[in-house]
Amino acid sequence: MAVEIRDLTDADLPAVVALSLRAWAPVFASFEAVLGPAVYRQLYPDWRTAQAAAVERVLRDPAVEVLVAADDGRPVGFVAVVVHDEAHDEPGSGEVEMLAVDPAAQRRGTGTRLLEAGLAVLRDAGVRLAAIGTGGDPGHAPARRTYEAAGFTALPLVRYYRLL
């Protein structure tokens, strides 16, 4: 069966949180390799618990629209988008807050389809500028490739850390 893009349901929440943790495990491993174990432990003492809570907050936020990629009814990915109001630093813009695809379903175009569906939501809401953030570490390389292939322009930013 083909992957279907549809609205998130309450029943999807546990599966979406679980797939996001599987999808982002390589990212957090990359963070540890880049930052070193001491800084990594300071920043992410329990990344799974913190990330699960962050994903659940986004999924439940009424200001965020969430779409799910489902294969035979089972969530295999999701995208969460938000339209910024006029008080935002970038009025008339919207943002892809989160995007993840279960590792078992990656490299099949699902992330690209989710991204395009999320951008369609923003476009339909009158958004003229879409933003998405990601890391510059090796763990985020697949995300960067997807965003660049979709026509996003990167603005490199650097954040430094140092234990005191």
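**Entry 1: ground rules**

I am working with a predicted model, where local features need pLDDT of at least 70, side-chain atom pairs count only at pLDDT 80 or more, and totals for chains, interfaces and linings use all residues. I number residues from 1 along each chain as its sequence is written, and side-chain values use heavy atoms, with hydrogens and water left out.

**Entry 2: overall build**

I found 5 helices and 5 strands in the protein. These are DSSP runs numbered from the N terminus, helices being H or I of at least four residues and strands E of at least two. Read from the N terminus, the order of elements is β-α-α-α-β-β-β-α-β-α.

I then looked at size. The C-alpha trace spans about 45 × 35 × 30 Å along its principal axes.

Of the 164 residues, 40% count as buried. Buried means under 20% relative accessible area, exposed over 50%, and partly exposed in between, with a 1.4 Å probe and protein chains only. For contacts with a separation of 6 or more, I noted that 61% are between residues 24 or more positions apart; contact means heavy atoms within 4.5 Å.

**Entry 3: the sheet**

I traced an open sheet of 5 strands in the order β1-β2-β3-β4-β5, with mixed pairing. Its edge strands are β1 (4-7) and β5 (129-132), each pairing on one side only. Neighbouring strands are turned by 25 degrees against each other on average, direction ignored. For angles, axes are lines fitted to C-alpha atoms, for helices over the stretch in contact, and values run from 0 to 180 degrees between N-to-C directions. Two strands pair if DSSP finds at least two bridges between them.

I went through the pairings one by one:

- β1 and β2 are antiparallel over 4 bridges, and Ile5 stands opposite Ala69 in β2.
- β2 and β3 are antiparallel over 8 bridges. They form a hairpin with 2 residues between them, and Asp72 in the turn has a positive phi of about 55 degrees.
- β3 (residues 74-83) and β4 (residues 93-101) are antiparallel over 7 bridges. Val82 has Glu95 in β4 as its bridge partner, and Val83 stands opposite Gly94 in β4.
- β4 and β5 run parallel and are joined by 4 bridges; Val96 has Ile132 in β5 as its bridge partner.

I also checked burial by strand. In β2, 6 of the 8 residues are buried, so β2 is largely enclosed by the rest of the structure. In β4, 7 of the 9 residues are buried, so β4 is largely enclosed too.

Which strands does helix α4 lie across? I find helix α4 (residues 110-124) across β1, β2 (64-71), β3, β4 and β5, running at about 155 degrees to β4.

I picked Leu115 in helix α4. Leu115 counts as buried because its relative accessibility is 0%. Leaving out residues up to four places away in sequence, Leu115 touches Val96, Leu99, Ile132, Thr146, Tyr147, Ala150 and Phe152. Leu115 and Val81 are 34 residues apart in sequence, with their C-alpha atoms 9.4 Å apart.

**Entry 4: aromatic rings**

Rings of Phe, Tyr and Trp (its six-membered ring) pair if their centres lie within 6.5 Å; planes under 30 degrees apart count as stacked, over 60 as edge-to-face and the rest as tilted. By this rule I count 7 aromatic pairs.

The rings of Trp24 and Phe78 have centres 6.3 Å apart and planes at 70 degrees, so this pair is edge-to-face. Trp24 lies in helix α1 (residues 13-35) and Phe78 in strand β3, so the pair ties together parts 54 residues apart in sequence. Trp24 is buried at a relative accessible area of 14%, and Phe78 is buried at 0% relative accessibility.

The rings of Tyr147 and Phe152 have centres 6.3 Å apart and planes at 65 degrees, so I filed this pair as edge-to-face. Both Tyr147 and Phe152 are buried. I also noted a cluster in which ring pairs link Phe28, Phe31, Tyr40, Tyr44 and Trp47.
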